[in-house]
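Please read the following report alongside the sequence and the coordinates.

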Amino acid sequence: MEYIYEKVSATGPYTRPAGAYTRYGDVRPLLNASDDKFAVFGSGDEVALDFDPGALPALPSGWVRDYFFAAHGYEKDMDFYAYRGETVEPLPFRDMGTYPYSGKSFPTDTEHLNYLLEYNTRFMSGNETGGYWFRYPQK
C-alpha cells in the first residue's frame, strides 16, 4: 500500500486523545527491545522502516520474499468503553498486571523519566483544528 500524502481525506484523520506523543524523527531506539519505551503515535502518524536486503541470500528463480514486522505494544482508542480514552495517559507498562491498573503507576526511575523527557515531547490538546474532523457546509 502506498499513501498519497498530498491527498488528505475530508473526513479524517479524526481527533486524537490529549497528551504527550512521541516526537517526530528517529525512534529506532524505541523499537529495539520489548520494554516500557513505546513510540506513542495517533491517527495519521506512521513509523517507516527501511533496511538493505542486499546481504540476504539470493532466491531461487520464481520465488518471492515476504517480510514481516513483529511488534510488541498496546493500542488505545477513543472508544466509549476505553479507560480514559480521551487521553494518552495512563501509559501501560510491562509489570502493570491489568489495564487499567490500580495502586500502581508508570515507573518513575531515571531510565523511564529520561525516555519520557527525550521522546514524548509532542503535545496534543485533543482540540487541534484544521483537518481532524469534517466540517459540513452550512445551508
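Predicted model: local features only at pLDDT ≥ 70, side-chain atom pairs only at ≥ 80, totals over all residues.

## Aromatic pairs

The structure holds eight aromatic pairs. In one of them, the ring centres of tyrosine 83 and tyrosine 99 are 6.1 Å apart and the ring planes stand at 85°, so this pair is classed as edge-to-face. Tyrosine 83 and tyrosine 99 are both found in the loop between helix 1 (28-31) and helix 2 (110-119), and the pair therefore ties together parts that are 16 residues apart in sequence. Tyrosine 83 is partly exposed, its relative accessible area being 40%, and tyrosine 99 is likewise partly exposed, with a value of 32%.

A second example is the pair of tyrosine 115 and tyrosine 119, which is tilted, with 6.4 Å from centre to centre and 35° between the planes. Tyrosine 115 and tyrosine 119 both belong to helix 2, where they are four residues apart, or about one turn of the helix. Both tyrosine 115 and tyrosine 119 are buried.

## A cluster of rings

Which residues do ring pairs link into a cluster? The cluster consists of Tyr83, Phe93, Tyr99, Tyr101 and Phe106, and it thus includes Tyr83 and Tyr99, the residues whose edge-to-face pair was described above.

## Arginine 122

Is arginine 122 buried or exposed? Its relative accessibility is 12%, and because the limit for a buried residue is under 20%, arginine 122 counts as buried. Arginine 122 lies in strand 2, which covers residues 122-124.

The side chain of arginine 122 takes part in a polar contact of 3.1 Å with the side chain of tyrosine 24, and in a polar contact of 2.8 Å with the side chain of aspartate 45. When neighbours within four places in sequence are left aside, the residues in contact with arginine 122 are Arg16, Gly19, Ala20, Tyr21, Thr22, Arg23, Tyr24, Val40 and Asp45; this list contains both polar partners, Tyr24 and Asp45.

## Alanine 48

Alanine 48 is located in the loop between helix 1 and helix 2. With a relative accessibility of 62%, alanine 48 counts as exposed, whereas arginine 122 counts as buried. How far apart in space are alanine 48 and aspartate 26, C-alpha to C-alpha? The distance is 9.7 Å, for two residues that are 22 residues apart in sequence.

Note on methods
Residues numbered from 1 in each chain as written. Heavy atoms only, no water. Phe/Tyr/Trp six-rings, centres within 6.5 Å; stacked < 30°, edge-to-face > 60°. Helix = DSSP H or I, 4+ residues; strand = E, 2+ residues; numbered from the N terminus. Buried < 20%, exposed > 50% of the residue type's maximum accessible area, 1.4 Å probe, protein only. Polar contact = N/O pair within 3.5 Å; in protein donor to acceptor, adjacent residues only side chain to side chain. Contact = heavy atoms within 4.5 Å.
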